Amino acid sequence: MKTYDNFFLPVEDMAQAKAFYGEVLGLKTKFEFPDSGMAAYRVGQEEPAIILKDRKKFPDAKPTIWFEVEDVRTVYRQLREKGLVFLSEPFRIRTGWAAEFEDPFGNRLGITDYLA
C-alpha cells in the first residue's frame, strides 16, 4: 500500500450533503460527477478526498477507505492468495482500476491504481 487514496461516504440526500461539506465545513469541491452520483471535496492540500456517494445510485454503499497501489490486478492476486475475499473482481474507474473488500469486522476497504 502506497498511501491513502480516497474516503467514500454514502449519503441519502446529495444536495444536503453538498451543503454540509461545502458550506458548513467549508471544504472545496475537487470534482462532481452528478450522472454518476458522486461529489468530492478536498481536505486542505491533501490529494485524497472525501467522496460522497449518492445511495440512490449506490444502494449498498458503506463508508470506505481506498489505498493506492502500483497495480490493482497484481495486488488483487497477491491478496487472494493470502485468503482475502474481495467483493468483486477488479473494475475500471475513470483513473485506473479498483477492487473492494471488507476486513474481518465489516469495515469496507479498497485498492486503486492510476493505470488508466
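This is a predicted model: local features need pLDDT of at least 70, side-chain atom pairs count only at pLDDT 80 or more; totals for chains, interfaces and linings use all residues.
Visitor: In which order do the strands form the open sheet, and which strands stand at the edges?
Guide: Strands are DSSP runs of E with at least two residues, helices are runs of H or I with at least four, and both are numbered from the N terminus; two strands pair if DSSP finds at least two bridges between them. On that basis 8 strands form an open sheet with mixed pairing, in the order 2-3-4-1-5-8-7-6. Each edge strand has a single partner strand, so one side of each is left without a neighbour in the sheet, and these strands are strand 2 (29-33) and strand 6 (91-93).

Visitor: What is the bridge partner of Glu68 in strand 8?
Guide: Strand 5 (residues 64-68) and strand 8 (residues 108-112) run parallel and are joined by 5 bridges. Within strand 8, the partner of Glu68 is Thr112.

Visitor: At about what angle does helix 1 run to strand 4?
Guide: Axes are lines fitted to C-alpha atoms, for helices over the stretch in contact, and angles run from 0 to 180 degrees between N-to-C directions; contact means heavy atoms within 4.5 Å. Helix 1 (residues 14-24) lies across strand 1 (3-11), strand 2, strand 3 (38-42) and strand 4 (49-54), and its angle to strand 4 is about 165°.

Visitor: What angle lies between the planes of Tyr76 and Phe86?
Guide: Rings of Phe, Tyr and Trp (its six-membered ring) pair if their centres lie within 6.5 Å, with planes under 30 degrees apart counted as stacked, over 60 as edge-to-face and the rest as tilted. The structure holds 9 aromatic pairs, and one of them, Tyr76 with Phe86, is tilted at 4.5 Å centre to centre. Tyr76 belongs to helix 2 and Phe86 to the loop between helix 2 and strand 6, and the angle between their planes is 50°.

Visitor: How far does Lys53 lie from the ring centre of Phe58?
Guide: A charge sits over a ring if NZ of Lys or CZ of Arg is within 6 Å of the ring centre and within 35 degrees of the ring normal. Lys53 lies over the face of Phe8 at 5.2 Å from the ring centre, and over the face of Phe58 at 4.3 Å.

Visitor: Which residues are joined with Glu70 into one network of salt bridges?
Guide: A salt bridge is a side-chain nitrogen of Lys or Arg within 4 Å of a carboxyl oxygen of Asp or Glu, and a search of the whole structure finds 8. In one of these, Glu70 and Lys2 have their closest N and O atoms 3.1 Å apart, although the two residues are 68 residues apart in the chain. Salt bridges that share partners join Glu70 with Lys2 and Glu68.

Visitor: Is Arg108 buried or exposed?
Guide: Buried means under 20% relative accessible area, exposed over 50% and partly exposed in between (1.4 Å probe, protein chains only). Arg108 forms a salt bridge with Glu102, which is partly exposed at 25%. With a relative accessibility of 12%, Arg108 counts as buried.

Methods: Residues are numbered from 1 along each chain as its sequence is written. Side-chain values use heavy atoms; hydrogens and water are left out.
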